[in-house]
Each structure stands twice: as structure tokens, then as C-alpha cells.
Amino acid sequence: MPSVRQILVQNVVKTIPVGLLVIGPRGTVMAASPSAAELLGLEQTELAGCDWRALLLPVAANEAFNRNLVEAVEQGRPYGQRLADYQRPDGETRRFSMTASCPSVEGRPIGVTVLFDDVTALYRSRERENAALREKNRLQHDMIESLNRSEEHTSELQSLAYL
């Protein structure tokens, strides 16, 4: 029978709304949230017990994601909120905000915890907003140029009128 602590930890892993991977000291994925499987475009059964290197998809778009995982797992370097694009096996590209912690006991690493959240919609919204602002600035610039040309034309007409 699982302890209360185990039940609580399992509940957190099952319900956490972001991707959670717990990688053990031997490189095996010890726990993965259902959100992690969904975000990565994998089945939950593919994650549990797999070697973490199976998550390193050899796609150019995944360079930052792969580098972040390698840095945390192989080098034991924690980091906070790094952005990384990730191309899922189905070809869809997402942008993740990633955080890693690398706990140790008496100086010996005991594993790695990686959290990642899908911030794709936020970045797409910002890109649309920036494009709209660029278009607005271009239109304002065109209007100012048009007014300047109109002023020059009016000045020319006034000069001709004085002749």
C-alpha cells in the first residue's frame, strides 16, 4: 500500500499543468507528467522508464531544447526559464520555457527535474502585435512623407504665384 506521501507526490505529477520530467541518476525517466507527454507529442508509456537521450530528437529546430537537456543531465547545471523551440514528432513546433534543477546529496547528483511550459501562443501573439506596430509605423512614415511632398508642392506653387 502506498504511503500518504507517495500518493500526494503521484497526484502532483498527474495533475501538474506543465511538463514535468524527473530523470534519475542513471539517466532513466523516473516520472513524467501527462502534460509532458502531451507537450512533447509522445505517449505517456513512451516516457516512463525511457533513457533521457530518447528525448533528444535530431531536428535542427530542437537544438536549444536538446542543449538545455544535455546541460542539466550530463553537466549537472541547473537553470531557470530558458526559451527553446521544440519540433514534435508530428512536425508541430512549440516554444517552451524550461527550468531545470539538479539536486545532490553530499555532493553527489541524485537526478534532474525539468519543468517546461508551452509559451507558443504568447510568443505568436507578441509577433502579431509587433507586426501590427511595424505596419502602423510604416503608414505613419508614409503619411509624413506625403505631407512633406504636399508642402513642397504648395511652396513651389506659391513661389510661382509671386513671379
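In the predicted model, L83 stands opposite S97 of strand β4. The strands β3 and β4 pair in the antiparallel sense, with seven bridges between them, and together they form a hairpin in which five residues separate the two strands. Within the turn of this hairpin, G91 adopts a positive phi of about 95°. Strand β4 is also paired with β7, again in the antiparallel sense, over six bridges, and A100 has V114 in β7 as its bridge partner.

Helix α4 packs against this part of the structure. The residues of α4 that are buried are A64, F65, N66, N68, L69, E71 and A72, and the buried residues of the helix pack against α2 (34-40), β3, β4 (93-101) and β7.

Five aromatic pairs are found in the structure. In one of them, F65 and Y86 form a tilted pair, with 4.7 Å from centre to centre and 55° between the planes. Because F65 belongs to helix α4 (residues 63-73) and Y86 to strand β3 (residues 79-87), the pair ties together parts that are 21 residues apart in sequence. Both of these residues, F65 and Y86, are buried. The ring of F65 is also paired with that of F116; here the centres are 6.3 Å apart and the planes stand at 85°, so the arrangement is edge-to-face. Since F65 lies in helix α4 and F116 in strand β7 (residues 112-118), this second pair ties together parts that are 51 residues apart in sequence. F116, like F65, is buried. The residues F65, Y86, F96 and F116 form one aromatic cluster.

The structure holds nine salt bridges. One of them joins E92 and R94, whose closest N and O atoms are 2.8 Å apart; E92 is partly exposed at 33% relative accessibility, whereas R94, at 15%, counts as buried. Through salt bridges that share partners, R88, D90, E92, R94 and D118 are joined into one network.

No disulfides are present, the number in the structure being zero. The sulfur of C50 has its closest cysteine sulfur in C102, at 17 Å, which is too far for a bond, given that a disulfide requires the two sulfur atoms to lie within 2.5 Å. Conversely, the cysteine sulfur closest to that of C102 is the one in C50, at the distance of 17 Å. C50 is counted as buried because its relative accessibility is 14%, which falls under the 20% limit.

Finally, S150 is located in helix α5, which spans residues 120-162, and is partly exposed, with a relative accessible area of 40%. Between S150 and A60 there is a sequence separation of 90 residues, and their C-alpha atoms are 51 Å apart in space.

Note on methods:
Residues numbered from 1 in each chain as written. Predicted model: local features only at pLDDT ≥ 70, side-chain atom pairs only at ≥ 80, totals over all residues. Heavy atoms only, no water. Helix = DSSP H or I, 4+ residues; strand = E, 2+ residues; numbered from the N terminus. Buried < 20%, exposed > 50% of the residue type's maximum accessible area, 1.4 Å probe, protein only. Phe/Tyr/Trp six-rings, centres within 6.5 Å; stacked < 30°, edge-to-face > 60°. Contact = heavy atoms within 4.5 Å. Pairing = 2+ DSSP bridges. Salt bridge = Lys/Arg side-chain N within 4 Å of Asp/Glu carboxyl O.
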